[in-house]
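Thanks for coming. I will go through one structure, moving from its surface to its inner spaces and its charged pairs.

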Amino acid sequence: MIHFDTDYMEGAHPEVMRRLLETNMEQTAGYGNDVYTGQAKELVCQACGKPDAAVYFLVGGTQTNATVIDGLLARHEGVLATETAHINVHEAGAIEASGHKVLVLPSHDGKLDAADVERYIDDFYRDETYAHMVAPGMVYVSHPTELGTLYTLSELEALSRVCRKAHIPLYMDGARLGYGLAAEQADVTLKDIARLCDVFYIGGTKVGALFGEAVVVPDPQQLPHFFSLVKQHGALLAKGRLLGIQFATLFTDGLYERIGGHAVRLALKLKAAFVAKEYRLYMDSPTNQQFVYLPNETIDRLSAYATFELWGPRGETESVVRFVTDWATREEDVDAFIRML
C-alpha cells in the first residue's frame, strides 16, 4: 500500500534518529534544563531573527494550541478564528474545555480576512451589552491553513495591524510551517512571522520529528509564567532533552527547509497529475496537502492500492479527497500512484 493519509505516519527523519541514538545513554537534567535544549533555543531564535525571544518545547499540537490560547486570554475572552480552523473543527473542543470560546468568522479559502476581524471587534464594542458577551481577546491563524493555503505577506501584515490597533495578540499555529515556508509562491519568511505575530509555533511532529512543537514568543512578557502553564496542561516533557535534540537537528544545516521542500515538490507532482487527467481541484493548494474531487468509483478502485482521507462526508457520486505528502514520501510511490490514476 502507498500512504497519503497525513504527514506524521513515519517516525522521524534519519538524522534526528541518529542524534537521539548517539545521546541516548547520556544523563542530563530534566524539563529542558540541558545543553541540547539550550542549543535548540539558540538555533530557533537565530532562524527567527529574534535573539531575545523565549522558546518553549511542547509535546504536541493540540496541547500547544490549548496552552498558548489559555495563556494569552483572560477568563472572559475568546479567540477569533475561521470556521475551518483546526481549533474549531479538529481539536475535540480543547479550547472550550479550557474555558474559552472559539469566535468563528468566515473562511476565505481557509484564511482569515483582516477586514472581517476588524469589523467583528468594532461591532462588538459598539454593542452596549458587550459586557455580557465573550470578548475577542486574540486572533488565531494557521500557516499553512487547514486547506493547504498560505497567507501572503500583505495579508499577514494587515492582520497584524488590526490586532495591534485593538491591542490583542496574533497567534500562528505552525504545525505544518515547514511546508508553508518551502512553497514556491510563499512570500512570508520565518523572520516575517516573528515580526508580525505575538506568539507562534514551529511544528516538528509533522515535519521530521518524532514529536514536539517549538513555541516562540518574540516578547517574553507576552506570556509570563508560561512554563508553569505548560505543566498545568500536561504538555511538559520530563525528558526535555528529547525535544531539544530533535529541534537542534532540524535547525542545523538547513534540514527543516530541505525536508519541507521535498514534500511540497512531490505534492505538486500529484496535483499536476490530477489536473492533467481533468480531475477538479477542491482547493488550489501550493503546499503538501492536496484536495481533489474524485468519483466514488475511482475512490473505491484506488483504495485497493493506496490510503488517503475523505475530506468530509462521502458524496452521492463524488467526494472530496485529501492527499498528503511529507518529508519521507518516496518519489517512486508518487509515480506509481499517478500510473494508477
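In which loop does Met133 lie? Met133 sits in the loop between α6 (114-126) and β5 (135-142). Before going on, a word about the source. This is a predicted model, in which local features need pLDDT of at least 70 and side-chain atom pairs count only at pLDDT 80 or more, while totals for chains, interfaces and linings use all residues. Residues are numbered from 1 along each chain as its sequence is written, and side-chain values use heavy atoms, with hydrogens and water left out. When I name helices (H or I, at least four residues) and strands (E, at least two), I mean DSSP runs numbered from the N terminus.

Back to Met133. Together with Tyr125 and Tyr130, Met133 makes a nonpolar surface patch of about 290 Å². A patch is built from residues with over 30% relative accessible area and no salt bridge; like charges are joined within 9 Å, and nonpolar side chains (Val, Leu, Ile, Met, Phe, Trp, Tyr) within 5 Å. The areas come from the Shrake-Rupley method with a 1.4 Å probe, and for residues only the protein chains shown count as cover. Met133 has a relative accessible area of 34% and is partly exposed. On this scale buried means under 20%, exposed means over 50%, and partly exposed is in between (1.4 Å probe, protein chains only).

Next, the backbone. Most residues other than glycine have a negative phi, and most peptide bonds are trans. Which residues here have a positive phi without being glycine? Tyr31 is one of them, with phi near 60°. Tyr31 is placed in the loop between α1 (14-22) and α2 (35-48), and is partly exposed at 40% relative accessible area. Ala92 is another, with a positive phi of about 55°. Ala92 belongs to the loop between α4 (86-89) and α5 (94-97), and is exposed, with a relative accessible area of 84%. As for the peptide bonds, the one from His143 to Pro144 is cis, with omega near 0°. Pro144 is in the loop between β5 and α7 (153-166).

The search ran on a 1 Å grid over the protein atoms alone: a cavity is a set of points where a 1.4 Å probe fits but cannot get out, a pocket is an open set with protein on both sides within 12 Å along at least five of seven lines, and lining residues have an atom within 4 Å of a point. Grid points are joined across faces, edges and corners, and a volume is the space filled by probe spheres set on the points. There are 2 cavities of 30 Å³ or more. The largest cavity has a volume of about 90 Å³ and 13 lining residues, with Pro144, Glu146, Asp173, Ala175 and Arg176 nearest its centre.

The largest pocket has a volume of about 300 Å³. Its lining has 21 residues, and those closest to the centre are Thr6, Tyr8, His86, Arg176 and Lys206. Helix α3 (residues 61-72) supplies the largest share of that lining, 3 residues.

Now the cysteines. How many disulfides does the structure hold? It holds 0, a disulfide being a pair of cysteine sulfur atoms within 2.5 Å. Cys45 is buried at 8% relative accessible area, and Cys197 is buried at 2%.

Last, the charged pairs. The structure holds 19 salt bridges (a side-chain nitrogen of Lys or Arg within 4 Å of a carboxyl oxygen of Asp or Glu). One of them joins Arg119 and Asp116, at 2.9 Å from N to O. The two are 3 residues apart in helix α6, so about one helical turn separates them. Arg119 is partly exposed at 46% relative accessible area, whereas Asp116 is buried at 12%.

Another salt bridge joins Glu331 and Lys269, at 2.7 Å from N to O. This pair links distant parts of the chain, 62 residues apart: Glu331 is in helix α14 (residues 331-340) and Lys269 in helix α12 (residues 255-276). Glu331 is partly exposed at 26% relative accessibility, and Lys269 is partly exposed at 29%.
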